Amino acid sequence: MSYDDVEIEDMEWNEELQAFTYPCPCGDLFQITKDDLRLGEEIARCPSCSLYITVVYNQEDFLGDNDKSKKKNLEPAKQLPISVA
Amino acid sequence: MEEAQRDEEESKQQQIWSWGAGTEGQLGTGKLEDEYLPQFLHVPFLSSAESISTLACGGAHVIALTSGGRVFTWGRGTTGQLGLGEMLNSLHPKPVSSLQSYVITHVSAGWSHSGFVSDIGLLFTCGDGSFGQLGQGDYRSQSTPVKVDYFANNFVNQIACGMRHSLVLLNGNQVYGFGSGKRGQLGISRDKIKSINLPQVTCGLEDVQIVSISANGDHSAAISADGHLYTWGRGFAGASDANFPQLSLSSLRCTKAALGWNHGLLLTGDEEVLMLGGNYHGVLCDLEKMSAVKHRPVDGAIKTWGWGEHGQLGLGNTNDQTIPQTVSLSPDIQNKEASLNVYCGSGFTFAIRSLSVNPDNISRN
């Protein structure tokens, strides 16, 4: 049984975990990655316990995000050799 | 969260136990693991003349308030909630040195932020501020307690920290809310409020004398001097959210309220425990059944029930329990005059046994 339904806008992006997170009653964080969201996954799990939540979101919002993040990943890679030189 | 009453007669002997989720150091055991049975703690600062007057347990951190108005914290500190000037976990209790020049009388621990009230009515907050829950007028996090200037001309009596919001009770009776308000937990507006970073008065309590406030998850509650319970924020048991304080169970006279993430416990003037909320992991028996359970059993035992996956019930296993079970504390008690206080955080529990006679047993969550 899903512990709660949580809208994606109420989840926080965690840079370290590279995932959207939401507090879990056990003290850890429910987590779901952008890749999960692109695939239509709607369950965010907690790594420390058996609880999970249902994430409410629009899959299309993340399909578009795919291209953006690819571009973002490319830009630093291009710049990197310049800064080294 | 409960009011920390500094008793002048300091109890000379206290024993502390902790159990449940421990991977952030919140149990104060010096280990990063869950404990399924109560762990007897050797807390060095207790050997001083001061005793602990209250504990506040949050998402994964603990605040201890001593009878002398000093504050110690431990557990998760990654958003500054320990107030130790860094964003690091602490395995052992450490004094919050920046508050040393104040006499603190009330503390509260939220999911990832903390609140402290001094004897002259000053309010300090630290920790995660990303929803405005520190009330500092911004969305920054603070690793050292910062005075909330908004209340510079008011006398703050209590603070209650929830998951992403805070409530404040002034001496003049007003209740204020700040932080995330999406589920109505601030009680400040009929419209949906995403979040605010400065305190705003909670509506509908203007003519009510409020004596205590509580917050946890997205729930808020207050108890009036005549024993009425008001709740607002996320609805219990699938009920709709309330944007304003609602009078719940108006026939009851409550003396204490403790909120969980999906349920609440009430203590009545007849020392009966009642429960509000849905049904998950056996956290909630039906209200009728629970009303038969007295808050203070004659044998002075600790009773636990509900979710047990991290051992937070202290019964030696990870089972859920739908009926209150008795927790055994070791070393066992010799002095029947001792009082027991229980404090629940997110997946972990603390118990303090004081050998001085104190009729005001406190429980939370």
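Which residues is B:V71 in contact with, leaving aside its neighbours within four places in sequence? The legends below take up this question after a short note on the model.

This is a predicted model, in which local features need pLDDT of at least 70 and side-chain atom pairs count only at pLDDT 80 or more, while totals for chains, interfaces and linings use all residues. Residues are numbered from 1 along each chain as its sequence is written, and chains are lettered from A and ligands numbered from 1 in the order in which they are written.

View 1. Leaving aside neighbours within four places in sequence, B:V71 is in contact (C-beta atoms, placed from the backbone, within 7 Å) with B:I63, B:L65, B:V96, B:L99, B:I104, B:V107 and B:F116. B:V71 counts as buried because 26 C-beta neighbours lie inside 10 Å, where 20 or more others within 10 Å make a residue buried, 12 or fewer make it exposed, and a number in between makes it partly exposed. The C-alpha atoms of B:V71 and B:Q100 are 8.0 Å apart in space, although 29 residues separate the two in sequence.

**View 2. An open sheet of four strands in chain B.** The strands follow the order β3-β4-β5-β6 with antiparallel pairing, and two strands pair if DSSP finds at least two bridges between them. Because β3 (52–57) and β6 (90–95) of chain B each have a single partner strand, they stand at the edges, and one side of each is left without a neighbour in the sheet. Five bridges join β3(B) to the antiparallel strand β4 (residues 61–66) of chain B, and B:T54 has B:L65 as its bridge partner in β4(B).

**View 3. The contacts of B:L55.** Apart from neighbours within four places in sequence, B:L55 is in contact with B:V62, B:I63, B:A64, B:Y343, B:F350 and B:I352.

**View 4. B:L198 in strand β14 of chain B.** This strand covers residues 195–201, and B:L198 counts as partly exposed because it has 14 C-beta neighbours inside 10 Å. Not counting residues up to four places away in sequence, B:L198 touches B:G135, B:G137, B:Y150 and B:F178. The C-alpha atoms of B:L198 and B:D138 are separated by 7.9 Å, with the two residues 60 apart along the chain.

Definitions and conventions:
Helix = DSSP H or I, 4+ residues; strand = E, 2+ residues; numbered from the N terminus. Contact = placed C-beta atoms within 7 Å.
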